[in-house]
Each structure stands twice: as structure tokens, then as C-alpha cells.
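Subject: Structure handover

Hi,

Here is the structure I promised to pass on to you.

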Amino acid sequence: MTANEGFPWPDGKRAAAAITVDFDAESAMLFENPASVDYLNLMSLQWYGPRVGIFRILRVLEGRGVRGTFFVPGFTVDRWTDAVRRVHAEGHELGHHGYLHEPLYDLDERTEEEYLTRGLEAFAKAGLPAPRGFRAPKFRLTFKTPALLARHGFRYDSSLMDSDHPYALAVGPPAPAATIIELPVHWPLDDWAYYAFAPGFTPLSTIQRPESVLAAWVEELDAIADVGGCFVLTIHPFLSGRPARIRAVDRLIAHIQAREDIWLTTLGEIADHTASLELDPVVNVAPVHPYPDRLETARPATFT
Ligand SMILES: [Zn+2]
């Protein structure tokens with residue numbers, strides 16, 4: 001048994017949890033594989049999100065009286081405006097998730113900023129509030145990204161994986177006055193890792209049963225709560241919006257709510273609480289590569 005590691009949550013709570021929804025629709029597929037714009041089957045796989053899954057997620061959150069945080073690419077805001085407005089109208093938080101779901105690796109700073117501002121413009125055009133939170137598409141950001149977020153007025157990021165607890169993140173070495181809040185994520189808490197299956201687009205793996213995914217999430221949640229951490233679930237409408245899978249989400253929320261020692265809320269509220277603690281910021285410094293020759297010949301990192 002591990003002990004609560006002492007992160008001070010409000011109202012005597014032992015830990016925190018947030019339900020986050022990455023409302024990608026077809027954006028990721030169009031960016032990764034532009035030819036998919038002509039493939040109706042692939043588009044239909046993604047359109048399940050804005051046509052069906054998003055509303056099923058909203059009904060579950062409403063039924064449980066929970067507010068979630070929805071990270072929305074600008075392209076989704078432009079194309080599925082009514083669905084995004086509905087998410088906002090039902091009281092949930094909207095966050096930034098790129099314009100066309102662009103991972104931020106291997107970009108110059110100007111291009112990275114263009115993606116960010118294009119996403120912000122989509123929210124403004126739809127009459128939606130400017131997001132205070134950011135999640136990098138595919139959780140891929142660079143050492144440059146935190147400073148860019150601070151410059152554009154963002155309060156927090158939720159893409160890094162180096163802690164069980166929220167923390168203050170300095171926007172670059174040397175430690176400056178400016179910080180943002182980091183609300184860390186982890187792959188086992190992302191439904192993508194269990195359900196994503198699109199021949200020709202994703203690596204093919206075994207599709208997991210919702211029952212076993214729920215068991216994994218409950219196991220993760222209880223252990224994170226034991227160390228007083230923050231459980232950040234990430235789901236996608238086109239994945240977890242399916243009938244059997246949404247039941248797993250609903251049962252997970254019921255499990256969280258049955259534990260009265262967990263503060264279940266939006267990432268924005270967790271970020272505000274963390275900021276109020278005035279923690280010493282973490283400064284991220286890129287390692288100096290010990291084999292410079294290898295670095296010079298390295299190709300841009302590619303992942304699937
Ligand atoms: Zn995404």
C-alpha cells in the first residue's frame with residue numbers, strides 16, 4: 001500500500017479526476033494521410049464521433065451530473081460547429097487541440113504558432129470563448145511549446161507524462177517568471193490505446209473488450225488515488241461513443257463518484273487550484289546528446 005504523497009487537494013479530498021474528451025472527428029486522419037479525404041469509409045469511421053458518439057458522451061455526463069473538458073481541433077469547430085456549441089451550452093469546458101490535429105514535432109516556431117492561432121480563430125469565429133487549456137495532438141509537443149502557450153494566454157497544458165500530480169511548469173530555461181500549469185496524462189488512460197483500429201491507418205492490434213478496459217481504468221484510478229494523484233481520462237467520441245464502450249465510461253464515472261474522496265471536475269478547475277498553490281516550477285532542459293554525429297544524421301522522429 002502506498003501513502004498519499006501529500007498533494008493538497010481542496011475540501012479534504014484525497015485525489016482528483018477529470019473526464020477529458022478529444023473531439024478529433026476526421027481531423028487527425030486528414031492530417032496524417034491527406035488522401036483519406038477521398039475515402040468515404042475512413043471518413044465515416046471518424047464521423048461516428050460528431051454524428052453519434054459526442055451526443056452519447058454528453059448524455060452520460062448529464063446523467064451523472066459531471067462536467068468534462070473537451071479538446072477540439074479548430075477544423076472540428078469549423079465543420080461540426082453545432083455539435084461543439086452544444087458541448088459548450090451544456091456547461092463543459094472547451095480546450096485547444098490544434099487546427100487539423102497537427103503533432104508539433106519537427107516544426108519551426110512560426111509554423112507551430114500558425115497552427116495555434118488558426119485554432120484560436122476557429123473558436124472566435126464560432127462565437128465560442130477562447131480556450132484556456134491546450135492538449136497537443138497525439139500528446140506531441142516540443143520544448144518550445146510551453147512558452148508559446150504562455151504567450152497566447154493559456155493557463156495550462158495537458159500532454160506530458162512525467163508526474164502523477166499537476167505541477168507548475170516554467171516556460172523555458174532559465175526559469176522565468178512565467179509558468180503554465182501541467183496536468184499530466186498517460187497512455188493507459190487513453191481509449192486510443194485499446195480501441196483504435198483502422199486498417200491502413202493505425203497499426204493493427206487486438207481490439208479490447210470494454211469490460212477489460214473498464215477493469216484497467218478502475219485499477220489505475222484506485223492506485224492513482226492512493227498516491228493522491230490526478231486521474232486524467234482521455235476518450236474519443238468515435239471510439240468510446242459506441243454503445244458497449246460508453247457503458248464502460250458510465251460505470252467508471254459511477255465508480256469515481258462512489259469514492260467520495262475524489263474531486264471529479266474539469267481540468268480548468270484543477271489548473272486553477274494548482275496555480276493557487278504557488279508551487280516551485282519544474283524547469284525542463286533538453287538533454288545534451290552524447291553522440292552529436294548520430295544527432296546530425298538523425299531523421300525526424302516518426303511514430304505510428
Ligand atoms: Zn486528438
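Below is what I found, taken topic by topic.

Before anything else, please keep in mind that this is a predicted model.

**Helix packing around α10**

Let me start with helix α10, which spans residues 243-258. One of its partners is helix α8, residues 210-226, and the two axes are 9 Å apart at an angle of about 25°. Angles under 35 degrees count as roughly parallel, so α8 and α10 are roughly parallel to each other. The way α8 passes α10 is a right-handed crossing. On the α8 side, the contact is made by P210, V213, L214, W217, V218 and L221. From α10 come A244, R245, R247, A248, R251, L252, H255 and I256. Sorted by class, the contact of α8 with α10 has ten nonpolar residues, one polar residue and three charged ones.

Helix α2, residues 40-64, also packs on α10, here at an angle of about 20° and with the axes 10 Å apart. These two helices are therefore roughly parallel to each other as well. The crossing of α2 and α10 is right-handed. Its contact is made by R56, I57, V60 and R64 of α2, together with I246, V249, D250, I253 and Q257 of α10. By class, that contact has five nonpolar, one polar and three charged residues.

**The nonpolar core**

In soluble globular proteins, nonpolar side chains tend to be buried together. In this model, the largest nonpolar core has 78 residues. Which of them touch the most other members? They are A15, A16, A17, I180, L183, F231 and V232.

Leaving aside its neighbours within four places in sequence, L183 is in contact with Y156, S158, P166, C230, V232, L267, I270 and A271.

V185 is found in the loop between β7 (179-182) and α7 (192-195). V185 is buried, because it has 21 other C-beta atoms within 10 Å and 20 or more are needed to count as buried. Not counting residues up to four places away in sequence, V185 touches F139, S158, S159, M161, D190, V232 and T234. S158 and V232 therefore turn up among the contacts of L183 and among those of V185, with burial defined as above.

**Two positive phi angles**

A25 is not a glycine, although its phi is positive at about 50°. A25 lies in the loop between β1 (15-22) and α1 (27-32). Is A25 buried or exposed? A25 is buried, with 29 other C-beta atoms within 10 Å.

F139 is the other case: its phi is near 60°, a positive value in a residue other than glycine. F139 sits in the loop between β4 (133-134) and α6 (145-151). With 20 C-beta neighbours inside 10 Å, F139 counts as buried. F139 is also one of the residues that V185 touches.

**Some single residues and distances**

Y48 is found in helix α2. With 18 C-beta neighbours inside 10 Å, Y48 counts as partly exposed. Leaving aside neighbours within four places in sequence, Y48 is in contact with G53, F238 and G241. The C-alpha atoms of Y48 and A25 are separated by 7.9 Å, and these residues are 23 apart along the chain.

R132 is found in the loop between α5 (109-125) and β4. R132 is buried, with 20 other C-beta atoms within 10 Å. Outside the four places on either side in sequence, R132 touches F154, R155, Y156 and G268.

D11 lies in the segment before β1. Where does D11 stand, buried or exposed? D11 is exposed, with 5 other C-beta atoms within 10 Å. D11 and K144 are 133 residues apart in sequence, and their C-alpha atoms are 36 Å apart in space.

Happy to talk any of this over.

Best wishes

How values were computed
Residues are numbered from 1 along each chain as its sequence is written. This is a predicted model: local features need pLDDT of at least 70, side-chain atom pairs count only at pLDDT 80 or more; totals for chains, interfaces and linings use all residues. Axes are lines fitted to C-alpha atoms, for helices over the stretch in contact, and angles run from 0 to 180 degrees between N-to-C directions. Helices (H or I, at least four residues) and strands (E, at least two) are DSSP runs, numbered from the N terminus. Angles under 35 degrees count as roughly parallel, over 145 as roughly antiparallel, 65 to 115 as roughly perpendicular and the rest as oblique. A crossing is left-handed if the near helix is turned anticlockwise from the far one by less than a right angle, and right-handed if clockwise. Two residues are in contact if their C-beta atoms, placed from the backbone, lie within 7 Å. Ala, Val, Leu, Ile, Met, Phe, Trp, Tyr, Cys and Pro count as nonpolar, Asp, Glu, Lys and Arg as charged, and the others, Gly among them, as polar. A nonpolar core is a set of buried Ala, Val, Leu, Ile, Met, Phe, Trp, Tyr and Cys residues joined through C-beta atoms within 7 Å. A residue is buried if 20 or more other C-beta atoms lie within 10 Å of its own, exposed if 12 or fewer, and partly exposed in between; C-beta atoms are placed from the backbone.
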